[in-house]
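Please examine the structure below before reading on. The paragraphs that follow proceed from the whole chain to the pair of chains and then to single residues.

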2 protein chains.
Amino acid sequence: MWQVNKKIKVLGLDIGGAHIKYAVAQNQKALLKRKIIPFEIYRTPKKLAPLLKAICKEVKPSAIALSMTGELADVFVTRREGVKFILNAAVDAFGGNAINVLTVKGSFVSVSVAMKQTELVSAANFMATVLYTASIVDNSVVVDIGSTTTDILPVINWSPAILAHDDLGRLKSGELFYGGYLRTNASSVLQEISIGKTKVGTCPEFFATVGDAHLYSGDITAKDYTCQTPDGGPKTKRGAGIRLARLILSDPQTLSAKEIESIARQIVKAQTEKIADAIKKLIVKRKMQNAKILLTGAGAKVYRVKLARMIKNPFPGKVNGIKVENISPASASATKLLSAYLGAE
Amino acid sequence: MWQVNKKIKVLGLDIGGAHIKYAVAQNQKALLKRKIIPFEIYRTPKKLAPLLKAICKEVKPSAIALSMTGELADVFVTRREGVKFILNAAVDAFGGNAINVLTVKGSFVSVSVAMKQTELVSAANFMATVLYTASIVDNSVVVDIGSTTTDILPVINWSPAILAHDDLGRLKSGELFYGGYLRTNASSVLQEISIGKTKVGTCPEFFATVGDAHLYSGDITAKDYTCQTPDGGPKTKRGAGIRLARLILSDPQTLSAKEIESIARQIVKAQTEKIADAIKKLIVKRKMQNAKILLTGAGAKVYRVKLARMIKNPFPGKVNGIKVENISPASASATKLLSAYLGAE
């Protein structure tokens, strides 16, 4: 039994490949703070520990609830190596004692257990999301749209109803859709672009991202474009236009602004359709036609209106008093750990 | 009028992004030699001039016929910069006087003209191929399957019947298909992979190439895999298996050899279908159902049998005494320049 101590402050940390997300929970699950920090782990892995140290210095947590996917970055030869690197950075920043690492089964383990069973904690952050959602709503599909991937997680009768815990299984079950609002290669999303009445094959190179299409269309700003551009060029409408035109080996001198706008719209439409299809497939498969769809993650605001046109299902802003946008792995694992400390479970 | 000099020896040089191709022509168009040298210009641009110098030293040509596409490599900020770099390397290796640079209109210009009008000579090598083919056969579609792209070039009534000379125009006209046998991102070729009875979306990252699928299936050897692997890993069946499994976030420990073999086969089939569709589309559009299809380029031998199953059209090995495999930009511009010197045109 945990001793009730309302002064306990938990830092939920989700270490992804392109962002560090954190949330602070204290006092009966109330979230004090949520923050997303762009951090591409494969570019500057050595800066991870100092960054975590700075967060801890600011938040002064009593304990940390840690989840991750950043170990999948290709700077690490194996997942095992990546998990260990991230764990070491966390210990370096905070000491090992009060770090609780989330597993793919939804429990917390100590750093030393996580070090030994790295497969247990690798890419476990989706578990936090679905567990937390199951604690606040009876039936729902949580759709967490990230920069690179989208989790589509069913909750049935107050329980996480996920079918798979590993990546391949999750791709198969439809609970992981490998596509997001930002980093995704635009040529993979759209095979053919219409220019006037002609269809032109998009070149299968990494010339432009879905983020470029959103930036050009005004769906996001440069500040939201938190990953690097494919050509290292600027995060401006002009820069995005150059990259989008390159998809068909062209440039803004040859194509009109209207034509580039049309390319951007076609890419956004295709990605929206892909996400909508993934959601609809899971809903049909799991017979969840009446469940609420909870749209969360950094891409949620970009796709809310666009998806609503394709999916006849309201996307509530709140469920049982909780803001849906607050459903994130970092918040979820922070509140879950706090509940454990407070003796609520 | 050129003075006939049968001792003139022409070096045809085609400088691509991943290969230097050269051919030597002398004595009434006879080809003395053809060679393909793997050379990724974006990795070691400074080694281009020494390499060209070594070729010139070995061949001792009287003149050079130069074509290029290597200027499109992203080590060059603009095409203009790339063209100038390649021209300078050629001058460095051979001196500027006897270098003849092929234009997108099929004529040769001097280095100084090419330096000023870089757009005239950028990505012009397809012109050599179609002009040469038009000189040996009345009606045909030349299909030049390269590591990255495939040219599909119609010849009608002994004339190049191409509709476009710039990249976007060529994509629109169907004369350029942006896909090849080697470098192409496998996830762009195949959107969904069947594993048993389940379809899994391929991850839109650069995890594996079409070359990995060919290597795993035994269509090509490590020697034929002339570009770098996506993960920098080895050009072995095992290395290719790791990369192919990664397309669905898996590995050879989780997937069986049979399942990876099936992934490889699905990718090869999808790319063969894409090439076949591109050829068939052009044939229908140009009403060339009775024309011979001449399959050439480094990928020709990989796809000959596979394409024959999809296209009911013989792929002759020779036309009018010329080996079809010898139809290449380097051979074509070499023999074209020799013809000019010999007064044949």
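The model under discussion is a predicted one, and every value given here is computed from it.

The overall build of chain A may be considered next. Chain A contains twelve helices and 15 strands. Along the principal axes, the C-alpha trace of chain A spans about 70 × 45 × 30 Å. How much of chain A is buried? Of its 345 residues, 58% are buried, where buried means a relative accessible area under 20%. The contacts of chain A can be sorted by separation along the sequence. Among those between residues at least 6 apart in sequence, 63% join residues at least 24 apart.

The side chains of chain A include 48 positive and 27 negative ones. The centres of these two sets lie 6 Å apart.

The relation between the two chains comes next. Chain A is superposed on chain B by a rotation of 180 degrees, with 0.0 Å of shift along the axis and an RMSD of 0.0 Å. That is the relation of a two-fold axis. Which residue of chain A comes closest to the rotation axis? It is A:S188, whose C-alpha lies 2.6 Å from that axis. Of the interface residues of chain A, 100% are also interface residues in chain B, so the copies meet through the same surface.

In chain A, A:D166 is found in the loop between β9 (159–160) and α6 (167–173). A relative accessibility of 43% places A:D166 among the partly exposed residues, because that class lies between the 20% and 50% limits. A:D166 and A:S122 are 44 residues apart along the chain, while their C-alpha atoms are separated by 8.9 Å. In chain B, B:D166 occupies the loop between β9 (159–160) and α6 (167–173). B:D166 is partly exposed, with a relative accessible area of 42%. From B:D166 to B:L72 the separation is 94 residues in sequence and 13 Å in space, C-alpha to C-alpha.

Another loop residue of chain A is A:D251, located between α9 (237–246) and α10 (257–285). Its relative accessibility is 28%, and A:D251 therefore counts as partly exposed. A:D251 and A:S173 are 78 residues apart in sequence, and 40 Å lie between their C-alpha atoms.

Helix α10 of chain A also holds a residue of interest, A:Q266. Is A:Q266 buried or exposed? With a relative accessible area of 19%, A:Q266 is buried, because the limit for that class is under 20%. Not counting residues up to four places away in sequence, A:Q266 touches A:L190, A:E192, A:I193 and A:S194.

A buried residue can also be found in a loop of chain B. B:S328 lies between β15 (322–323) and α12 (329–342). At 10% relative accessibility, B:S328 counts as buried. Leaving aside neighbours within four places in sequence, B:S328 is in contact with B:R34 and B:T129.

The last two residues concern the backbone angle phi. Most residues other than glycine have a negative phi. B:K60 has a positive phi of about 50 degrees although it is not a glycine. B:K60 is placed in the loop between α1 (48–59) and β4 (63–68) of chain B. With 62% relative accessibility, B:K60 counts as exposed, because that class begins over 50%. For B:N320, which is not a glycine either, phi is positive at about 45 degrees. B:N320 sits in the loop between β14 (318–319) and β15 of chain B. The relative accessible area of B:N320 is 59%, so this residue is exposed.

How values were computed
Residues are numbered from 1 along each chain as its sequence is written. Chains are lettered from A and ligands numbered from 1 in the order in which they are written. This is a predicted model: local features need pLDDT of at least 70, side-chain atom pairs count only at pLDDT 80 or more; totals for chains, interfaces and linings use all residues. Side-chain values use heavy atoms; hydrogens and water are left out. Helices (H or I, at least four residues) and strands (E, at least two) are DSSP runs, numbered from the N terminus. Buried means under 20% relative accessible area, exposed over 50%, partly exposed in between (1.4 Å probe, protein chains only). Contact means heavy atoms within 4.5 Å. Lys and Arg count as positive and Asp and Glu as negative; His and the chain ends are not counted. The place of a charge is taken as NZ of Lys, CZ of Arg, CG of Asp or CD of Glu. Copies are superposed by least squares on the C-alpha atoms of residues with pLDDT of at least 70 in both.
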